[in-house]
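Here are a few notes to read alongside the model.

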Amino acid sequence: MTAALFLTLRNMPMMAATGLQMVFFNAVTVFAFLIPIALVSAELATTWPRNGVFHWVEEAFGTRWGFVAVWLQWVQSLFGITSILSYVAASLAWAIDPKLASDRYFIVAVILVVYWTATLVNLRGTRASGLISSVCLGAGVLLPSLVLIALATWYVIQGHPLHLNLSSAASNWLPLAHPQQSLVLFLSFIFGVVGIEVSASHAREVRNVRRNYPMAVFAAAVLGFAVTLLGGLAVAAIIPVQQLDLVSGATQALARLLDLAHLPALAPVFALLVAFGAAGQVSTWVVGPIKGLWAAGCAGNLPRPLQAVNAHGVPRNLLVVQSLAMSTVALIFLIVPSVNTAFLLLTSAAVVLYAAMYLMLFAAAIRLRYSEPDAPRPYRVPGGRTWGLWLVAGTGFATTLACLLIGLLPPGSGIAEDAYTPAMLATLTIMLIIPLLLHRWRRPTWTIAAKPE
């Protein structure tokens, strides 16, 4: 389950754009971000299992900040899901006509059709959504990734030209030559593993959680590290960086490899599978974050109409509001001239908003060790009563803060540098103010008698 949350081909093109620096960035992502989030979330989820991020931050800092945290977790998904859907559209274009990958109207049309379809599916409950996500992971992520890696290995053995710089110079392995450009691309590595805290809510279902949960997390981290790194290296070796499409680069590499293997007819098939896999990930994200927001709403932070659920226990009105908001965000592809630029803007916005939430998450974990030291913790971050948590959460906090600052740097050409940073800061500020105002203006009638578990 943990691996399914972040395994994707979507980030391989951006990884490929960093060359061999992807080894360094991938290692930092796994050990300084992914593992700290998973371990800290496991302690919080097994100790306070109700309502995820909202309840964890609420327990540490009060209902107001718990609502802010879950709001940020939800609102970033509007930007994040839109970028994933643009990847679905670009992959689908390779199955129909590669020229469509740069057609903004085609991108927006696919985004709207796929997202509203996923919304309708999720209105029938999580069982249908879970089945779709599982099938999509195997057929649309693991299978294409393994084929890409296998064909790239064949490509190298056959002696075809490599477009990956294998120099041993330090600047080839570390972001020294063009640090701003490399660090901005690093956000794609981080964006690939956000949401990892979702699986921690199931930690109590694991037998011998103190031993088995960390083992599962490390196994998922190793699997994710290996598959995404090898996939990124494959794309970098096959496609020259000047020709690399940052949205559909993995499909681009697969098409070239299949053509060299005299199997061009399979390229549209794999493009469809990749689009199918990304659509399954979208289905998972459609209802995931909104469950936490609904729980916070039932605690009195949202008007009663937004707390309504259907016969399957799905917050239908919130889901419709989310779909309308996401449809509005999708219009960025009609405003920004380049699809690649729009993709980078959406990714940066999602990382900045999610980073703010993660800062609150790590701070809450540390505070709760002191404010509620005697709370029974079925799983505890290793390392004594406090120093282990300070090391793990402190590392995650520092990495998250760095990501927040990097997200304020312009992500590429075609973006007005003097307007980008103020726009990102304004977006973050507005998204912090909205939940604070909703909490301030809440009414006693907004609170329902039985809060969701």
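1. Helix 5 (residues 63–96) and helix 17 (residues 417–440) pack at an angle of about 135°, their axes 9 Å apart, and are therefore oblique to each other (under 35 degrees would be roughly parallel, over 145 roughly antiparallel, 65 to 115 roughly perpendicular, and the rest is oblique). Axes are lines fitted to C-alpha atoms over the stretch in contact, with angles from 0 to 180 degrees between N-to-C directions. Helices are DSSP runs (H or I, at least four residues), numbered from the N terminus.

2. A word on the source: this is a predicted model, where local features need pLDDT of at least 70 and side-chain atom pairs 80 or more, while totals for chains, interfaces and linings use all residues. Residues are numbered from 1 along each chain as its sequence is written, and side-chain values use heavy atoms, leaving out hydrogens and water.

3. Where do helix 5 and helix 17 meet? Residues of helix 5, including Trp65, Trp71 and Phe79, meet residues of helix 17, among them Met431, Pro435 and His439 (contact means heavy atoms within 4.5 Å).

4. Now to the rings: eight aromatic pairs turn up in a search of the whole structure (ring centres within 6.5 Å; planes under 30 degrees apart are stacked, over 60 edge-to-face, the rest tilted; for Trp the six-membered ring is used). Phe24 and Phe25 make a tilted pair, 5.5 Å centre to centre with 55° between the planes.

5. Phe33 and Tyr358 have ring centres 5.6 Å apart and planes at 85°, so their pair is edge-to-face. Phe33 lies in helix 3 and Tyr358 in helix 15, 325 residues apart.

Note on methods. Helix = DSSP H or I, 4+ residues; strand = E, 2+ residues; numbered from the N terminus.
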